[in-house]
Amino acid sequence: KGERVSLIFMLAGLFFLFCGTNAITTFFALFAAEILGKTTAEATIMTTLFAVCSAIAAIPAGYMGKKIGRKKTIIIGLIAFMAAFVLYLATRSDIIVWVVLVIGGFANMLITVNTLPLVLEIGGNDRVGTFTGYYYTATFSAQIASPIVYGAVRMLSGTYLSLFVYSPIMFVLSILCILFVKHGEALPEAVVKA
């Protein structure tokens, strides 16, 4: 029962997490054009920086998840993402947007590298296929829902600046769900060797 509760909260956390990140990846170029006055080429360079920082952070993110725990690493990534967004909202500086992309890229990988292993660990070795299916159901559902939900938010707000409010709200909801996850950490090496 405890593992089932952890799974439900983790899947809900994943849904909100991917709602937040999907909105960024889908609408950032439009935000860059409307708010920052960037061309499509310039917006592409900006999103490339985000992707490069994510790639650089992949191995450290895995090490960090093993060292301090997957759940803590995911929450640190979400908090870093939110802090970067709040920093931009507070300053509205073109330079700070580049800082947000760097921090966001690293934070994104802290989250991404550790979510699937956490879900699979809840299920155990004999249910890897089933729990992989749960993971992708939650994340793909978010990728379907988020453009629709954020599209409505954008229409109501009248500006793509609302992206920097929508995504942090989704991240807060994700953290609240993940706090209830009590399973899914990697087993200590001593237990695995035994």
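The largest nonpolar core in this predicted model has 49 residues, and those with the most contacts inside it are Met10, Leu14, Phe31, Leu78, Phe81 and Tyr88. A nonpolar core here is a set of buried Ala, Val, Leu, Ile, Met, Phe, Trp, Tyr and Cys residues joined through side-chain atoms within 4.5 Å. Buried means under 20% relative accessible area, exposed over 50%, and partly exposed in between, with a 1.4 Å probe and protein chains only.

As this is a predicted model, local features need pLDDT of at least 70 and side-chain atom pairs count only at pLDDT 80 or more, while totals for chains, interfaces and linings use all residues. Residues are numbered from 1 along each chain as its sequence is written, and side-chain values use heavy atoms, leaving out hydrogens and water.

**The core and its helices**

- Two or more core residues come from each of helix H1 (2-34), helix H2 (40-68), helix H3 (70-91), helix H4 (94-123), helix H5 (128-157) and helix H6 (163-178).
- H1 gives the largest share of this core, 13 residues.
- Helices (H or I, at least four residues) are DSSP runs, numbered from the N terminus, as are strands (E, at least two).

**Leu14 and Thr139**

- Not counting residues up to four places away in sequence, Leu14 touches Thr115, Val119, Tyr135, Ala138 and Thr139; contact means heavy atoms within 4.5 Å.
- Thr139 lies in helix H5 and is buried, with a relative accessible area of 2%.
- Leaving aside neighbours within four places in sequence, Thr139 is in contact with Leu14 and Phe18.

**H1 against H4**

- H1 and H4 pack at an angle of about 150°, with their axes 11 Å apart; axes are lines fitted to C-alpha atoms, for helices over the stretch in contact, and angles run from 0 to 180 degrees between N-to-C directions.
- The two helices H1 and H4 are therefore roughly antiparallel to each other (under 35 degrees is roughly parallel, over 145 roughly antiparallel, 65 to 115 roughly perpendicular and the rest oblique).
- Residues making the contact include Met10, Leu14 and Phe28 of H1 and Asn108, Thr115 and Val119 of H4.
- By class, this contact of H1 with H4 has 11 nonpolar, 4 polar and 1 charged residues; Ala, Val, Leu, Ile, Met, Phe, Trp, Tyr, Cys and Pro count as nonpolar, Asp, Glu, Lys and Arg as charged, and the others, Gly among them, as polar.

**H3 against H4**

- H3 and H4 pack at an angle of about 155°, with their axes 8 Å apart.
- That angle makes H3 roughly antiparallel to H4.
- The contact of H3 with H4 has 18 nonpolar, 7 polar and 3 charged residues.
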